[in-house]
Amino acid sequence: TLKAISEKPFLGYGLAGDRVILGGTYPHNFFLEVIAQFGVIFGFLFSVLIIVLCIVGFFANKPVVRDLTAIFFSIGFIHLLLSGSYLTSANFWLLIAIGFDSICLHKRKQVSDNICS
């Protein structure tokens, strides 16, 4: 995978393109998979976005959201560092949904607080 990334560092191989270069398998590491697919720049930005969504979920105002983030981070992201693909992991996408939802809930709460004031 590292050799393939060095051959196309800027554009990558496209979504699921790592399967072609690895003969039908995947890198078994989230960050290598993303960088191989999207290139170094966009892969890095996508990785940062995922990390930010996890952090936002961990520091959400509601304890339920924090707990859900911790659970889905454990079962939806940690295993992607050693095995599995984010493309086929439902728990990973649920973690992303929780992160986006916590951002949207925070913004909706600010708007409703301003309206009620």
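Here is a short tour, from the overall layout down to single residues.

This is a predicted model, so keep an eye on the confidence values as you go. The protein has five helices and zero strands, and reading from the N terminus the elements go α-α-α-α-α. Of its 117 residues, 32% are buried.

**Confidence and layout**

- Averaged over the protein, pLDDT comes out at 84, and 89% of the residues get to 70 or more.
- If you take contacts between residues at least 6 apart in sequence, 55% of them join residues at least 24 apart.

**Helix H4, seen from the side and down the axis**

- Helix H4 covers residues 63-76, which is 14 residues.
- From first C-alpha to last, H4 reaches 19 Å, close to the 20 Å expected at 1.5 Å a residue.
- The buried residues in H4 include Val65, Thr69, Phe72 and Gly76.
- Why do those four belong together? They sit on the same side of H4, because the arc they cover around the axis is only 80°.

**Aromatic rings**

- There are 13 aromatic pairs in the structure.
- One of them joins phenylalanine 30 and phenylalanine 92, with ring centres 5.6 Å apart and planes at 45° to each other, which makes the pair tilted.
- That pair ties together distant parts of the chain: phenylalanine 30 belongs to helix H3 (residues 30-58) and phenylalanine 92 to helix H5, 62 residues apart.
- Phenylalanine 30 and phenylalanine 92 are both buried.
- Phenylalanine 73 and phenylalanine 77 make a pair too, and here the rings are stacked: 5.4 Å from centre to centre, with 20° between the planes.
- The cut-off for buried is under 20%.
- Over at tyrosine 13, the charged end of lysine 8 sits over the ring, 4.9 Å from its centre.

- Glutamine 37 is located in helix H3.
- How buried is glutamine 37? Its relative accessible area is 1%, so it counts as buried.
- Leaving out residues up to four places away in sequence, glutamine 37 touches a whole list of residues, among them Leu11, Gly12, Tyr13, Gly14 and Leu15.
- The contacts of glutamine 37 also include Ala16, Gly17, Asp18 and Arg19, plus Tyr86 and Leu87.

**Two residues with positive phi**

- Alanine 16 has a phi near 65°, a positive value in a residue other than glycine.
- Where is alanine 16? Look in the loop between helix H1 (2-7) and helix H2 (17-21).
- Alanine 16 has a relative accessible area of 30%, so it is partly exposed.
- Histidine 28 also has a positive phi, near 65°, and is not a glycine.
- You'll find histidine 28 in the loop between H2 and H3, and with 31% relative accessibility it counts as partly exposed.

**Along helix H5**

- Phenylalanine 100 is part of helix H5, which covers residues 90-116.
- With a relative accessible area of 43%, phenylalanine 100 is partly exposed.
- Phenylalanine 100 and valine 56 are 44 residues apart along the chain, yet 8.7 Å separates their C-alpha atoms.
- Isoleucine 103 lies in helix H5 as well, and it is partly exposed, at 25% relative accessible area.
- Which residues does isoleucine 103 touch, not counting those up to four places away in sequence? Its partners are Leu53 and Val56.
- Between isoleucine 103 and alanine 60 there are 8.4 Å in space, C-alpha to C-alpha, although the two are 43 residues apart in sequence.

Key:
Residues are numbered from 1 along each chain as its sequence is written. This is a predicted model: local features need pLDDT of at least 70, side-chain atom pairs count only at pLDDT 80 or more; totals for chains, interfaces and linings use all residues. Side-chain values use heavy atoms; hydrogens and water are left out. Buried means under 20% relative accessible area, exposed over 50%, partly exposed in between (1.4 Å probe, protein chains only). Rings of Phe, Tyr and Trp (its six-membered ring) pair if their centres lie within 6.5 Å; planes under 30 degrees apart count as stacked, over 60 as edge-to-face and the rest as tilted. A charge sits over a ring if NZ of Lys or CZ of Arg is within 6 Å of the ring centre and within 35 degrees of the ring normal. pLDDT is the predictor's confidence in each residue, from 0 to 100. The expected span of a helix is 1.5 Å times one less than its number of residues. The arc is that of the directions from the helix axis to the C-beta atoms. Contact means heavy atoms within 4.5 Å.
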